[in-house]
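Here's a quick briefing to read alongside the model.

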Amino acid sequence: MTTLLSLALLAVHLALLLTLAPVLAGIVRWTKSRLMGRVGAPVFQPWRDLQRLARKQPVLAENASWLFRGAPTIAFAATLAAAALVPGFALGMATAPLADLLAIAGLLALARCTLALAGLDTGTAVGGLGASREMSFAAFAEPAMLLVIFTLALLAGSTNLDAIAGALREGTAGPLFPLGLALLAMLAVAIAGNGRAPIDNRAALAETGMVHAALALAYSGRHLALIEATAALKLLLWLTLIAAIFLPFGTATPESGLLVWLLALPVWGLKLGGLAMALALFEAGVAGMRVFRVPELLGLAVLLGVLAAVLLAVWQGLA
Amino acid sequence: MGGHHGAFSLDVAHLLGGAVLVLSFGLLYQRRLGGLINAYAAQSCVLAAAAAWQGWVQSAPALVVTGLIVLGGAGVAIPVALHRIAGRLQFDRAVVTQPGIFPVMAAGVALVLLAVLLAAPAAAQALPREDLALALAVVLLGQLMMIVRPAAPAQLVGFLSLLSGLILGIVGVPGMRLAVELAVAVLVLAGAAVAGVYLLRIRARFEEVDAGRLERLGGAAQ
Amino acid sequence: MAGVSAAVLTGFAVVVAALLGLGAASAVAPRRIAALGSLGACGVGFVLALAYLLAGAAPATLAVPLGLPGSWMTLALDGLSGFFLLVLSAVGAAAAAAALEADADATAPFLPVLLGAMALTLLAGDAFALVLGLELTSLAAGALVLMRHNDSAALLHIGVALPGAACLIAALALLAGGAGGDFRFAAIRAHPPEGWPAVFVLVLALLGAGAKAGLVPLHGWLARLLVAAPMHVSALMSGAMTKVALYVLVRLLFDLSGPAQPGWWGAPLLVLGAAGAVLGALRANMADDIKAVLAGATVGSVGLIVIGLGLALAARGADLSTLAALALGGAMLTALAHGLFGSLLFLGAGAVHQGAGSRSLVRLGGLIHRMPVTTAAVLVGAASLAALPPSAGFAGQWMLFQAVLGGPRIDGFGLQTLVCVVAGLLALSAALSAAAAVRLLGVAFLGRPRSPRASAAEEAGQTMRTILIALAVASGLVGLFPGGVLSLAEPALRRLVSAGMADRAGLLAVAPQADLPGYSALGIALILALSAGLVVWLVRARAVPGHRFGPVWDGGFGPPPAWLPFGDPLTQYGGASFAQPLQRVLGAALLRARETVDMPSPGETRPARIAVAMEDPAERALFGPLAALRPRLVVLADRCWLPGIRRTLAVVFAVLVFLLTVVAIVEQF
Amino acid sequence: MNELSLLTGMLRELVSAPGLVVLVPFAAAAGLGFVTDARLGAWINGAAATLAFLLACALPWEPIAGLLLLADPLAAFMAILTSFLGMTTAWFSQGYMQVEVQAGRFDAPRLRLYHALFQAGLGCMLLALLSNNVAVTWGALEAATLVSVLAVALPRTEDAARAASRQFVLCGVGLAMACFGTTVLYLAAVPALGAGVPAMSWSRLPAAAAAFNPAMLNLAFVFLLLGYGTKAGLVPLHGWLPDSQAAGPLPVSAVLSGSILNVALVVILRLRGLLDANPGAIAPGLPIMALGLASLLLAAFSLGAQRDVKRFFAGSTIAQSGVAAFAFGLGGAGATFAGLLHLALHTLTRAAILQCVGAAVQLNGGQRCAGIGGLLLRHRALGLTLAAGMVAVAGLPPFGLFTTLFLILSGTVDRAPWLAVPLALGLAVAGWAMAERLLALCLGPPTPDRGPGTGLPALVPAWVQLALVLVLGLAMPGPVAAWLAAIAGAAP
């Protein structure tokens, strides 16, 4: 019975993820446009773009290898696998025992490395630029991410996301201050990982400011569609992750009552919507950053992470 | 050990040993090579007398024989050979340069004091303290001379006087077996030193042995 | 049970004897037998080690009539040595098989000697056998490089190996001194050191074994040696030799020093390991020679393993034996994983060197088209290097991370802070390794060829391809079944930290604690496969099939001339440009990296070029001054060596008078 | 009557194995002076040395401590080692000297003198080892020194003359100090043993050492240490060794100076035992260790600056002699055992290396390091043998010096931990310098041959010696180990 429920939960979760991801990207884009005084494309525009791209036959660079062709699929699959591990509106999905935060970070790294390799495979200057920056930024984002995981694991006693979310939901978690520091660090990592302002601009056309766009520059057709979908899915994944950890209220568990179950889905939607709005607000408000200053921002995130982890470790040791 | 153990005989023995030591100082003081060789000859003669006296005191005929051998070898043969070598090389009249006399003498006195200090505990078990101190002093002074004299002939004489100190030690020790043999072995060493200098002079140039000169040459070559 | 152990130990003794004998024989016999015999011996060794570990790894000892005068040398086998013998024989088999491919030259006899010496080190049951094996290892490794006329690398190696051996002898003598001068491990174990001698054992073991393992700051020689050695030898050194040195470290600190050592023992290991992990990974990003890249990665992996060892020591000191088992298990898993993928990568680099005629990133590129099998195998290895799930590298690092996350359970503010910093550095090292792996793959194997020779590269031969595939498969299996590997390490864990992973590591999943969910490589792989299937199905259903080729937009560069069929290679990102962001931020600070950019003025058609020079801090602060000091001391010693006769006499006289004065003074009191 | 029985006792001693061991070389030396045929001379030389070795092998079964001769285990061990070295070097010198004569560096009369001096030197050394009288030991060493000086001067070059004179002056002073020390030692023993021969007898001294006059014993120790330290080549008394080894004919520098070193070290070892047994005497270990360490460190560093092959290996000899002295100074059965074994194995290794170096120098026509290279590529067997020897001397396995260095270093850590630091430093620096030179000589760019070579048979002694070093270091037969341990235990 429980197994069936958890499988069903997973199926619903995945279906929601796949359908919602482009919509969420659309919402962020629309809100940002409105904030900047433009009309903005409709919220469902990303969906239409994907369908349009899928109908086009891809054109490959002359020396592209099988890796270039396979990369979008692998990247999307890895992101999807990671997304399948992150609990959305309910805990206790079939993948819950696998939902290790380190594994999720690893899967995201897999997607990142695959796309970076694909960027190098075309042998163009732009692709190399994108790959180089992507991997370099990751080198600074990873420690911050791990320190956040460290802090959470200290709180919950495990790196399993389900367990962490459960612990935070019960409110058994300890002091709030380190958690706040961890949140700040995680936000920085999320911004870098998703290529949002001020680190990256997905709509940029000049190479100097590109990171993610540079990697996708040589792609077209269904490949590009997959890459765009990956980006959208990753954004959704991160927002869900932040919601699951830092806004743990309102999620359903297999033991919850009917009311909670009924409310869980709308609450999740509200959380996502709110986060998306906040993101749009933030992006509209900041200016782009020089590429070589990005490590400073991420270094700050690392320091916050260290501080959070040390404080928590010491406080827990004293308690 | 036996023999006539009078205070007088001991005094004479010490007197002779002391004379050897004083002559060592004379060697240190002497500037000219000719005088140096003569002083060494004198030292060897006194040494021979000391050996003979010890032989009489200890009633050991072997020591008398030793005295005779020393007289013949170190007192006569070696000085003669040295004079001939020096004459052939026109070293005879040369003034052997040497750093200031006073510091050297002072160092020599300090060495004698050290020797006396070291030999003092020997008296506790009726061992010949004075003989040992004198021999040790002569040995140390011989080595000192080898160091402070830059010229090879003077170093050679220093080495010979060091060997004299050894013989003084050997004859001063009561009841030492093989004393003759040891003294002969030491004299062989002295003879070999003189012969080596002689042979090397024929084979190569005399400067070969002058360590100071060698060093300067080596420095110039580098 | 014990019978099995004794039989296996005897078998190993025979294998070692055969290997050493083979080395002697192949000096005169046809040289090919050296490689063939080594392969056979390693195969036998692998089977023996596996059988031993599966049979429960009951300890056994064997005395052989060799060794110190008047006593017999003791060989011993337990879970720890069995596990490392498994690593050695697996890597050794690959290296020996690759040696078949390499042209046999005068170095051939030293390959079996190296293998035999390493096995002897692992089998050592007394201090003498341990040092003998380790020194023989150094000698054979030096000779293997020496014969290639790479004098400086081999000399540097000997220059580190000799003081390293002295440190190890001193450490073992301290240990044996506590046991009444008995050099046998059994006796030492019964009398663990205490107080200051124990501290000295720690320092000396770190210096001695660290020097042999390439632990920062004593890693400079390893990087150079790995670059200089022929490919199968580099593979063996990177995959097995460093592990043997780490085995010695474990043996000394965990086993022979006894279980009662304080927890702070882990701190120096944590610091050095973290420094090594970051520095090695950073070097891997800066280097141009692909072997130098892999050498940096080797230094990094040694650092990772030492972090695990440090945590295990700290946890054991705090009586957290389950945490200690997790850390030590992670270290051993990482050791096995790196043994496999490290040698895989080095052999791949060798295949590239043979096939494309160069090891410089500046002259490679686009090999994926001409060397598909090699590329695929290297891809597997690089995934492990980058610690991507579900590779072997990820499994090992996952355990290390989990151990670090458990670190704050150990009391003490200093250690807790240290563990937090180490956690960040561990992640930094992992991300840097990932960048290095992407750089290696992307620049050397992907993109367009940067030289005509690379564009005409030839795929590796049949033997080589088989080895590469086998190593890739083995590495993949380790990644998928880390629990299986941990069950092989179980006897060692139980012996050293008195707790195992058996309750937490099954075939399916590995967990940090018994009742918690953990990491399931198979599960992740399954989800990944299902997701991929889903994506493929969605794309099939929705998108237009097929694709066509066309010219790619290259940021404004014009179409290539006819004589550059693949386009101007210099418009691509190269190794130096890829690493530029990291080099500016981290390289400049840690490695004193300086770049020189040759930027053409507008209108010029020549490409811009970037060159990077770096300097390892250890070389600068440690080896540089030492290297500068030696000639000065030599000149000084030479000046005192043979003074003139008179001065010699003066010195002798001075010594005489000095001694006499001392005697006189002593006698007065 | 009494005199007569003494005389017959002495005669009986002379015809026993120890006596014959000493007499055979002297007889051969006397005979060789009259043999004009060079080839016959070389054969007699080899045969006599072999006979001496075979006789020496019987010594462990005929221990005597008579009026003249002493064949206690220590003396027997060293006599076997010395005569073995004499044997191998004699056979090596057969081919070597032939080449020297061919190259015009030796003529027939000088070759005759060479053979006679070889045997005389060997005899002196064996006498010094086997004599039961302190003074006779000194005399024999003096004679050996004079023979050695003569032999060094044999090539009649300016270098040889200079080296000979240097050796004579420095060793002369050393011998003088030793002689004075011998006299004082007798003086120290008189209160315990009474005046006469027993107070000079090696076999009687140890038992009575506790009752010696401590002040005299100290004085004797200082003089004997420096005197015999000169012969042992310990820094700062080593000045004669590099020159004489570089200039003299190679077999002489291999046997004579090598064995003189050993004889002197054994005397120092015996002396140490005397001081240890006397409660009032100073502790002898520290000065001996200091001299040993000074030798090791100075030699290790100066190795890097040597440009002459033979001088290089002379430096290495001094370093290893220092290590052995250090081990003797360390004391205790374990360290003494290690020191004795180190002495023996290093002597064998050194002889093997010098034999190879001799062959290489002959091939090359000069002994500058820069002029010799690529031996392994041009003369495979020679290069391999030399490389093996150098690996052994660098203290690397599988050769026996690794074992002894292991024992010495671990013993130091056990007994005097702080001294392990300079010791390890010196050993590492010396080993590194050896490795560096190994590369240059055996690998590196090959140099053309400018002279005739000796051929493979001349390398056989080196192989035998290296094989012994290998076996004795790693798989010493139990009885030998027990015997050696007993020696070390008896002479602390």
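A word on domains before the distances: the domain bounds used here come from an automatic or database domain assignment. Keep in mind that this is a predicted model. With that in hand, chain C splits into domain 1 (1–257) and domain 2 (617–668).

**Domains of chain C**
- Taken over C-alpha atoms, the centres of domain 1 and domain 2 of chain C sit 38 Å apart.
- Where the two domains of chain C meet, 4 residues of domain 1 are in contact with 4 residues of domain 2.
- On the domain 1 side of that meeting in chain C, you get 2 nonpolar residues, 2 polar ones and no charged ones.

**Where chain C meets chain D**
- Here 49 residues of chain C are in contact with 49 residues of chain D.
- As for make-up, the chain C side that touches chain D divides into 38 nonpolar, 7 polar and 4 charged residues.

**Chain B**
- Chain B has 8 helices and 0 strands, so reading from the N terminus its elements simply go α-α-α-α-α-α-α-α.
- Of the 222 residues in chain B, 50% are buried.
- Take the contacts in chain B between residues at least 6 apart in sequence: 71% of them join residues at least 24 apart.

Technical notes. Residues numbered from 1 in each chain as written. Chains lettered and ligands numbered in written order. Predicted model: local features only at pLDDT ≥ 70, side-chain atom pairs only at ≥ 80, totals over all residues. Contact = placed C-beta atoms within 7 Å. Nonpolar A, V, L, I, M, F, W, Y, C, P; charged D, E, K, R; others polar. Helix = DSSP H or I, 4+ residues; strand = E, 2+ residues; numbered from the N terminus. Buried ≥ 20, exposed ≤ 12 C-beta atoms within 10 Å, placed from the backbone.
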